[in-house]
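Student: I would like a close look at one part of this model. Please start with a single helix, then go on to what else can be said about the fold.

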Amino acid sequence: MVSQDTVPEGLRASDEDRENVIGLLRDGSVDGRLSHETFMHRLDEAMRARRLGELAPLISDLIPPPTVPGGWLGRTVGWCSAAGRRAQLAWRAPRLSPLVLPREDRAFVIGRSPSCDFWIRDGTVSWRHAELRRCAAGWLLTDLASTNGTRVNGWRVDEASAVKPGDWVAFGRARFRIMAE
């Protein structure tokens with residue numbers, strides 16, 4: 001669920017995030033909380049959004065603010081409840097294996113072949129799947145015409161895509177978190 005209060009501006013919006021927002025917009029339109037014109041405008045904006053920060057304002061008036069009983073007891077119960085939800089989400093979140101950015105200034109091939117610089121033993125990964133290369137601005141990840149594709153933060157890589165520590169990448173179904181050495 002996308003919420004304006006909890007969204008880091010720079011994160012890329014995934015297809016799933018976009019579909020969740022479109023579902024909330026559709027429900028708001030069906031319930032009569034959005035006019036047809038507003039629904040169509042926001043639907044267009046949701047389809048063009050590239051960052052999570054662009055999606056949150058589209059549904060901000062459709063999500064009711066949480067009601068917390070007044071006084072210190074209500075605030076304490078609300079805080080504990082929210083902490084419990086955050087802990088549950090963190091516990092259920094998938095743990096991604098690290099992909100540590102190398103120190104050398106050369107291209108690194110990622111794939112299922114044992115001769116690759118980063119060897120992934122997964123049937124959904126192509127023999128020579130992707131290439132990671134350092135450039136002046138940082139690191140670029142390029143798909144090498146793989147069968148099951150390469151993704152960076154949920155976005156399919158069709159041309160060289162910049163990656164940095166904290167990003168998650170997927171080669172087929174194998175997922176990793178980019179880490180600095």
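**Helix 3 and beyond**

Tutor: In this predicted model, helix 3 (residues 52-59) is mostly covered, with 6 of its 8 residues buried. Buried here means under 20% relative accessible area. The buried residues are Leu 52, Gly 53, Leu 55, Ala 56, Leu 58 and Ile 59. In an α-helix there are 3.6 residues a turn, so residues three or four places apart point the same way. The cover over the buried residues of helix 3 includes helix 1 (15-30) and helix 2 (36-48).

Next comes a pocket. Arg 50 and Arg 51 are among the residues that line the second largest pocket. Its lining also includes Arg 12 and a run made up of Trp 155, Arg 156, Val 157, Asp 158, Glu 159, Ala 160 and Ser 161. By class, the lining residues of this pocket divide into 6 charged, 3 nonpolar and 1 polar. The space in the second largest pocket is about 270 Å³.

Trp 155 and Arg 156 lead on to the sheet, since strand 7 covers 155-156. The sheet is open and has 5 strands in the order 1-10-9-6-7, with mixed pairing. Strand 7 (155-156) and strand 1 (97-100) stand at the edges, each with a single partner strand, so one side of each is left without a neighbour in the sheet. Strand 1 runs parallel to strand 10 (residues 174-179), and 4 bridges join the two. Within this pairing, Leu 99 has Ile 178 of strand 10 as its bridge partner.

Notes. Residues numbered from 1 in each chain as written. Predicted model: local features only at pLDDT ≥ 70, side-chain atom pairs only at ≥ 80, totals over all residues. Heavy atoms only, no water. 1 Å grid on protein atoms, 1.4 Å probe; cavity = no way out; pocket = protein on both sides within 12 Å on 5 of 7 lines; lining within 4 Å. Points joined across faces, edges and corners; volume = space filled by probe spheres on them. Nonpolar A, V, L, I, M, F, W, Y, C, P; charged D, E, K, R; others polar. Buried < 20%, exposed > 50% of the residue type's maximum accessible area, 1.4 Å probe, protein only. Contact = heavy atoms within 4.5 Å. Pairing = 2+ DSSP bridges.
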